[in-house]
Amino acid sequence: MKLHHIGIVCNETDINKFFFRPKKKNIYNDKVQQNKLIIEYNIFNNLWMEFVIPKNNKSTVHKYLKKNGPGVHHFGYFSKDLNKQKRILMKKKSFFYVGSFQPNIPCFGGNLNTMFFYNNNFFIELLNNEKKK
């Protein structure tokens, strides 16, 4: 697995508070998770930054932001075999499977398969852009 991106949950007004501010923004509205995504590639460390902004109180990150405030929410790892990585994480007692989504994010390669896992107030996202088998 390779670290692909860092997901930061915040309100849109919070973005300027972070050390990294997107210059050329890729903006997507995730209708399923009810989030606005502002994504930028950081050429200095070959890493994507994903600012996840809840659009309303039905957003998947609304409660998290309200409870914890703005900050790092997850690390996204690119994986060639999501099911294999899922089996590995499920064997570890400290990781809990949260769910899967299939967002379309063109700057990440288009249609994605993602899986989220939770551990101690932190999320790990596994992703790839291969078709499900």
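Residues are numbered from 1 along each chain as its sequence is written. Because the model is predicted, local features are given where pLDDT is at least 70 and side-chain atom pairs where pLDDT is 80 or more, whereas totals for chains, interfaces and linings use all residues, and side-chain values rest on heavy atoms, with hydrogens and water left out.

Helices (H or I, at least four residues) and strands (E, at least two residues) are DSSP runs, numbered from the N terminus. Strand 3 is mostly covered, with six of its eight residues buried; here buried means under 20% relative accessible area, exposed means over 50%, and partly exposed lies in between (1.4 Å probe, protein chains only). Two strands are taken to pair if DSSP finds at least two bridges between them. Strand 2 and strand 3 pair in the antiparallel sense, over five bridges. Along this pairing, Y28 has L37 of strand 3 as its bridge partner, and D30 stands opposite N35, also in strand 3. The hairpin of strand 2 and strand 3 has four residues between the strands. Q34 sits in the loop between these two strands and takes a positive phi near 60°, although Q34 is a residue other than glycine. With a relative accessibility of 23%, Q34 counts as partly exposed.

Strand 3 also pairs with strand 4, again in the antiparallel sense, over eight bridges. Here Y41 finds its bridge partner in W48 of strand 4. Strand 3 and strand 4 form a hairpin with four residues between them. In the loop between strand 3 and strand 4 lies N46, which is not a glycine but has a positive phi of about 55°. N46 counts as partly exposed, at 42% relative accessibility.

K36 belongs to strand 3 and E12 to the loop between strand 1 (2–9) and strand 2 (26–30), so the pair ties together parts that are 24 residues apart in sequence. E12 itself counts as partly exposed, at 40% relative accessibility.

Two further pairs of residues bring together separate stretches of the chain. Y64, a residue of helix 1, counts as buried at 14% relative accessibility. The C-alpha atoms of Y64 and V9 are separated by 8.2 Å, while the two residues are 55 residues apart along the chain. L127 lies in strand 10 and counts as buried, with a relative accessibility of 1%. Between L127 and K2 there are 125 residues of separation in sequence and 10 Å in space, C-alpha to C-alpha.

Helix 2 shows two sides. Within this helix (residues 82–91), L82, Q85 and L89 are buried. These three cover an arc of only 65° around the axis, which puts them on the same side of helix 2; the arc is that of the directions from the helix axis to the C-beta atoms. R87 and K91, on the other side of helix 2, are exposed.

The largest pocket is lined by 25 residues, of which Q33, T60, V61, H73 and F116 are the closest to its centre. Elements that give two or more residues to this lining include strand 3 (35–42), strand 4 (47–54), helix 1 (62–68) and strand 10 (122–128). The lining divides into 12 nonpolar, nine polar and four charged residues, with Ala, Val, Leu, Ile, Met, Phe, Trp, Tyr, Cys and Pro counted as nonpolar, Asp, Glu, Lys and Arg as charged, and the others, Gly among them, as polar.

Conventions. 1 Å grid on protein atoms, 1.4 Å probe; cavity = no way out; pocket = protein on both sides within 12 Å on 5 of 7 lines; lining within 4 Å.
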